[in-house]
Amino acid sequence: MTTRLKKSKAMIRLVRPMELTPEDLIYPIFVREDGKSFEIPSIRGQKYLSLDDAVDKCQDTAELGIPAVMVFGVLKEKDADGSIALRKEGFHAKVFKKLKRKFGDDLVLISNVCLCDYTTDEFCVYAEKGRVLNEKTADMLGKIAVVHAEAGADVVAPAAMCDGQVRHMRQALDAAGFDDVAVMSYFKTDSCLFQPFFEAMALSKTPRRGIDSSKFRTDIINEKVFMQKVNLDISEGADMVIVKPALTNLDHILRVKQKHSTVPIAAYQVSGEYAMIKASSEAGYFNKDVLLMETINSIKRAGADMIITYHAHEIAKLLK
Ligand SMILES: [Zn+2]
C-alpha cells in the first residue's frame, strides 16, 4: 500500500531516494562585450549583462547556494574563421579573469566553448561544402579552451559535437599546464528548443542562414548514435557530460547514467523549455511554480546530477 508511505509530508520526504537542492543547479549567464544590459527578447525574463552586472548576478547566484555559472560571451564583433577567440585579452578572457578574481574557488566557472560565439557565420564547426571538418574544429576548440583556462575557467564545455573535440581539448589543456581544468562535453539532439538561444547569441537578425546545424547534433529518434557519441567523448577523457535539451531526452539521461555510472551528468533545460514554461503559465494554463518544479524533479529523477537552467534563481528560492 503506497498510501501508507504518503501518510504525512514528513513521511513523503523520509522515503525519497533523492531531493533536489540549490547545489544541483547551474545558472547560465549572457555577458555582453558592448556593456549593454537589457532583457533578452527571445528569452524574456532573462537579461543580457554587462561585465559589472555579471559580477552582481554571480554574487546573487552564490548567495542562493548555487555553486556554478555557465558563461556565454556575446561579442561586439566576430570574424570569418573565429581567430578572434584566441586573443589573450579577448572578451571571454576578461570575463573569466574578473569573475575568478572576485569569487576565487567559491563559484565554479564553466566556459561554453564553441566556434559560433566567434565566427560571423555563427556555425558551431568549420565546414567545407557542407562537410564538417572535425579535426580542424577540434584543434581550434582546444586552443580556445586554453585561453579560457588561463583566464580562470574551472571547466570547459565543448559544444560543437564534433568528433575528437574532447581529445584535442584534453591534450591542449594538459600541454599548457591546466590538468586541473575539467572537460564537460555537450550532447545535443536535434531540437527546435534551441531557437530562442540562437537568437540570443546572434549578432544578426537572421542567425545561421543557410546552415544545416543538424549535422552536428544527433537524430532525435536514434538513441544508438547518441550513445556512440557519449561513449566516444568519455573514452577521450570527458570528466562530465551535458545532455540537452533535457525534456526531450529524459531517456538519454537515464541511459547515460546506467552505462556510465561514475560520470557526473548535467541536463540543460534549454531556452525553449524555459519559454514553454513561461508562456504557458503566463497564458493561465498552469501554475508556474508547480509546473517548473515538476519538470525539474523529473530531470533529476531521470538521473541528472546537475541541472543547467535559466530558472535556477527561482528554483533556489522555492527550495528555501
Ligand atoms: Zn555553437
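**Close-up views of a predicted model**

View 1. Residues are numbered from 1 along each chain as its sequence is written, and side-chain values use heavy atoms, with hydrogens and water left out. Together with Leu 14 and Val 15, Leu 5 makes a nonpolar surface patch of about 290 Å². Such a patch takes residues with over 30% relative accessible area and no salt bridge, nonpolar side chains (Val, Leu, Ile, Met, Phe, Trp, Tyr) being joined within 5 Å and like charges within 9 Å. Areas come from the Shrake-Rupley method with a 1.4 Å probe. Leu 5 itself has 42% relative accessibility, so it counts as partly exposed (buried is under 20%, exposed over 50%, partly exposed in between).

**View 2. A salt-bridge network around Glu 19.** Arg 13, Arg 16 and Glu 19 are linked by salt bridges into a network; each bridge needs a side-chain nitrogen of Lys or Arg within 4 Å of a carboxyl oxygen of Asp or Glu. Glu 19 meets Arg 13 at 3.0 Å, N to O, and the closest N and O atoms of Glu 19 and Arg 16 are 2.9 Å apart. At 53% relative accessibility Arg 13 is exposed, whereas Arg 16 at 42% is partly exposed, as is Glu 19 at 33%. By the rule above, the count comes to 22 salt bridges.

View 3. Lys 229 is buried at 8% relative accessible area, and Asp 233 is buried at 0%.

**View 4. Helix 4 crossing helix 5.** The axes of helix 4 (residues 134-151) and helix 5 (residues 165-175) come within 8 Å and cross at roughly 40°. Axes are lines fitted to C-alpha atoms over the stretch in contact, with angles from 0 to 180 degrees between N-to-C directions. Helix 4 and helix 5 are therefore oblique to each other; angles under 35 degrees count as roughly parallel, over 145 as roughly antiparallel, 65 to 115 as roughly perpendicular and the rest as oblique. The crossing of helix 4 past helix 5 is right-handed (the near helix is turned clockwise from the far one by less than a right angle).

Conventions:
Predicted model: local features only at pLDDT ≥ 70, side-chain atom pairs only at ≥ 80, totals over all residues. Buried < 20%, exposed > 50% of the residue type's maximum accessible area, 1.4 Å probe, protein only. Helix = DSSP H or I, 4+ residues; strand = E, 2+ residues; numbered from the N terminus.
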